[in-house]
Amino acid sequence: MNTPIPSRPVVLCLSGHDPSGGAGLQADIEALLAQGCHAAPTVTALTVQDTVDVADFRVLDREWVVAQASRVIADMPVAAVKLGMLGSVEMVATVIELMGQLPGVPLVCDPVLRAGGGGALGRDDVGYAMREHLFPLSRIATPNLPEARILAELPDGTPDQCAERLLRHLEHLLITGGHGDEAQVHNRLYSRDGSVQDFVCQRLPGSYHGSGCTLASALAGRLALGETLPGAVRSALDYTWRTLRDAEQPGHGQFVPRRLPLDL
């Protein structure tokens with residue numbers, strides 16, 4: 001009699017579809033596979049974009065999103081939830097409703113407000129709704145510095161200033177670097193108890209499409225596997241750096257992280 005193969009941890013992903021395959025749900029799926037997890041992707045929005053920028057997007061009806069995710073929740077033991085593009089205040093409310101079905105499950109919130117090329121992926125009030133209503137439900141949020149400034153309403157704020165304001169709404173915050181011209185990239189993990197931990201890595205040349213999705217998904221996967229938060233952050237940052245080091249340029253715009261080994 002064959003011994004049953006243990007199931008991989010299931011991570012529910014709620015994010016948009018990127019037809020270029022660089023970001024969004026495809027990035028989530030690949031990054032989670034690389035962590036040894038099973039991705040359960042729920043589509044929140046459809047986008048018209050490539051590796052250069054986003055041209056348009058359409059948020060799905062909330063009923064469709066609830067139906068997708070609820071079937072997964074009823075069928076599989078969800079070990080973590082990863083949020084990406086939501087695109088509307090109504091979708092923020094939809095996620096809150098879904099999390100009511102998942103008490104105690106860690107939520108990783110990647111507050112996607114703009115594409116890597118700068119195009120908007122939601123109205124300004126989406127960021128406010130995420131900060132006020134989703135951050136309190138999240139184990140951790142992973143904004144880059146431009147996103148943290150929008151969320152904190154501090155256009156010229158430093159990472160420390162943004163963190164001080166945002167930690168009023170959640171327990172842990174990872175603000176990622178890489179948007180300046182410094183030789184080393186500083187990623188900083190802030191916690192409401194006052195602790196701060198720096199993760200420094202070498203700056204890589206070029207710009208990348210889907211790096212934030214890759215990081216947040218890998219972090220959700222490590223939490224689903226049972227890692228402590230600081231260890232999961234380190235594992236996810238190390239993995240993401242390697243995907244950027246090995247990135248390729250399939251189009252005319254940004255590089256795309258290589259999230260899976262070449263032999264797959």
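Tutor: A residue counts as buried under 20% relative accessible area, as exposed over 50% and as partly exposed in between, with a 1.4 Å probe and protein chains only. By that criterion, 50% of the 264 residues of the protein are buried. This is a predicted model, in which local features need pLDDT of at least 70 and side-chain atom pairs count only at pLDDT 80 or more, while totals for chains, interfaces and linings use all residues. Residues are numbered from 1 along each chain as its sequence is written, and side-chain values use heavy atoms, leaving out hydrogens and water.

Student: Why is Thr42 called buried?

Tutor: Thr42 has 0% relative accessibility, and therefore counts as buried. Thr42 belongs to strand S2 (residues 38–49). Its contacts (heavy atoms within 4.5 Å) include Leu12, Leu14, Leu25 and Val65, residues up to four places away in sequence being left out.

Student: How do you know that Ala224 is buried?

Tutor: Its relative accessibility is 14%, so Ala224 counts as buried. Ala224 lies in helix H7 (residues 211–224) and touches Pro9, Val11, Cys37, Ala79 and Ala80, again without residues up to four places away in sequence.

Student: Why is H1 called oblique to H7?

Tutor: The axes of helix H1 (residues 24–35) and H7 cross at roughly 40° and come within 8 Å. That angle makes H1 oblique to H7. Angles under 35 degrees count as roughly parallel, over 145 as roughly antiparallel, 65 to 115 as roughly perpendicular and the rest as oblique. Axes are lines fitted to C-alpha atoms, for helices over the stretch in contact, with angles from 0 to 180 degrees between N-to-C directions. H1 passes H7 in a right-handed crossing; a crossing is right-handed if the near helix is turned clockwise from the far one by less than a right angle, and left-handed if anticlockwise. Among the residues in contact are Ala27, Ala31 and Leu32 of H1 and Ser217, Ala218 and Gly221 of H7.

Student: What makes H5 and H6 oblique to each other?

Tutor: Helix H5 (residues 145–152) and helix H6 (residues 159–166) pack at about 45°, with axes 9 Å apart. H5 and H6 are therefore oblique to each other. Their crossing is left-handed. Leu145, Ala148, Arg149, Leu151 and Ala152 in H5 meet Pro159, Cys162, Arg165 and Leu166 in H6. By class, this contact has seven nonpolar, no polar and two charged residues. Ala, Val, Leu, Ile, Met, Phe, Trp, Tyr, Cys and Pro count as nonpolar, Asp, Glu, Lys and Arg as charged, and the others, Gly among them, as polar.

Student: How do you know that Glu153 is exposed?

Tutor: Glu153 has a relative accessible area of 53%, and is therefore exposed. Glu153 sits in the loop between H5 and H6 and has a positive phi of about 60°, although it is not a glycine.

Notes. Helix = DSSP H or I, 4+ residues; strand = E, 2+ residues; numbered from the N terminus.
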